[in-house]
Amino acid sequence: MVQKPSRAPSMRDVAQLAGVSAQTVSRVLSDHPNVQPETRQAVREAARSLGYRRNATARALVTGRSNMLGVITLSSSSYSRMTLIVGIEREAAARGYSVTFVSITDLSARSLEEGLSRLVAQGVDGIITAVPLQGSSAEVESLLNEVPSVAIDSPLPAGQQVVAFDQVHAARLAVEHLIERGHTNIWHVAGPKDWVESDARITGWRDALESAGLQVPPEIYGDWSAASGYRAGLILGRMPDVTAVFVASDEMAFGLIKAVTELGRAVPRDISVVGIDDIELAPYCTPPLTTVRQPLEEIGRHAVQQLDSELGEHEESEPRNQTRFITPELIVRSSTSTR
């Protein structure tokens with residue numbers, strides 16, 4: 001049995017036990033490729049037996065890297081936002097990074113500046129911006145120039161848009177599905193105003209209706225929550241001419257279905273409903289929800305992969321400055337029917 005030292009074990013202790021140099025230990029613990037497999041195994045076994053944990057602060061002083069990624073996102077408890085975060089965390093962990101998150105409560109440039117300043121001050125190696133801004137400020141651009149950065153869906157002047165989900169096409173898929181089923185009075189429950197996703201989905205809804213020669217009714221705005229979908233459903237459920245609704249998120253669609261059902265209108269017999277996201281709960285809605293799949297966990301993984309490429313950490317990473325386009329997919333379930 002190995003006698004552990006009374007003090008915290010050091011890299012020198014690991015090297016002595018494994019019979020190698022401290023430099024070799026450093027290479028093994030940094031996953032350097034130029035180490036013999038048997039040497040790598042001996043060092044790792046020595047580290048485990050001593051209970052050695054590499055000091056992240058010391059490593060940062062030597063390498064100039066914290067191996068920490070920063071993510072700035074809008075404060076939200078929505079299922080879709082959490083799914084995106086899971087994708088980021090899993091891919092970051094697989095690539096040897098820890099993740100620190102900063103949530104902002106509003107979409108002002110000032111809030112974004114403060115959030116980015118906090119991440120830069122923490123010494124993150126790179127930043128993922130996952131906020132639906134349509135513009136920024138000179139200070140935001142300056143902060144994003146200090147560290148490598150990538151953006152999800154909403155490109156910022158100093159950030160590289162690396163993952164782009166075609167929101168307009170997603171909306172068109174949803175509305176065209178309803179048109180193909182014979183619906184001519186198709187309303188839309190949109191996301192919040194001034195969000196990139198909301199505006200794009202409204203555009204796709206309008207384009208599909210106008211292309212079919214159908215009237216475009218006024219949109220009703222929600223806030224991505226089931227409660228806002230419920231409120232919209234209380235309005236639309238009282239309008240007998242409404243036979244179909246395209247809802248900008250699955251969670252809002254859940255609320256809308258509950259409201260119209262309480263008003264005595266059956267889905268899909270009286271009103272067909274289509275959402276966007278295809279979250280894990282969508283198949284378990286009553287009835288199971290027809291929706292357009294937005295692979296949020298995959299989007300989070302791609303963002304980390306691209307940032308890793310920008311940092312140049314792994315040779316197998318994706319090429320630099322590559323934008324990924326995610327293709328929407330319509331998932332037909334039981335919440336839509338033919339007129």
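**A sheet and its surroundings**

Reply: In strand 10, Arg293 is the residue that Asp277 stands opposite. This and what follows come from a predicted model. Asp277 is part of the pairing between strand 9 (residues 272–277) and strand 10 (residues 290–293), which run parallel and are joined by four bridges. In general, the strands of a sheet pair through backbone hydrogen bonds, and the pairing is either parallel or antiparallel.

Next comes the loop between helix 11 (250–262) and strand 9, which is where Arg265 is placed. Arg265 is buried, yet it has no salt bridge. The nearest side chain of opposite charge is that of Asp270, 5.0 Å away, and a salt bridge would need the charged atoms within 4 Å. The side chain of Arg265 does meet backbone oxygens: one of its polar atoms lies 2.9 Å from the backbone oxygen of Met239, and the side chain reaches the backbone oxygen of Val242 at 3.1 Å. Leaving aside neighbours within four places in sequence, the residues in contact with Arg265 include Leu236, Gly237, Pro240, Val260 and Ile271. Met239, Val242 and Asp270 are also among these contacts.

A search of the whole structure finds one aromatic pair. The ring centres of Trp195 and Trp224 are 5.6 Å apart and the planes are at 65°, so this pair is edge-to-face. Trp195 sits in the loop between strand 6 (186–190) and helix 9 (196–211), while Trp224 sits in the loop between strand 7 (220–221) and helix 10 (226–236). The two are 29 residues apart, and the pair thus links distant parts of the chain. Trp195 and Trp224 are both buried.

For the setting as a whole, the chain has 12 helices and 12 strands. It has 339 residues, of which 49% count as buried. Among contacts in the chain with a separation of 6 or more, 71% are between residues 24 or more positions apart.

Key:
Residues are numbered from 1 along each chain as its sequence is written. This is a predicted model: local features need pLDDT of at least 70, side-chain atom pairs count only at pLDDT 80 or more; totals for chains, interfaces and linings use all residues. Side-chain values use heavy atoms; hydrogens and water are left out. Rings of Phe, Tyr and Trp (its six-membered ring) pair if their centres lie within 6.5 Å; planes under 30 degrees apart count as stacked, over 60 as edge-to-face and the rest as tilted. Buried means under 20% relative accessible area, exposed over 50%, partly exposed in between (1.4 Å probe, protein chains only). Two strands pair if DSSP finds at least two bridges between them. Lys and Arg count as positive and Asp and Glu as negative; His and the chain ends are not counted. A polar contact is a pair of N or O atoms within 3.5 Å; within protein, one must be able to donate a hydrogen and the other to accept it, and residues adjacent in sequence count only if both atoms are side-chain atoms. Contact means heavy atoms within 4.5 Å.
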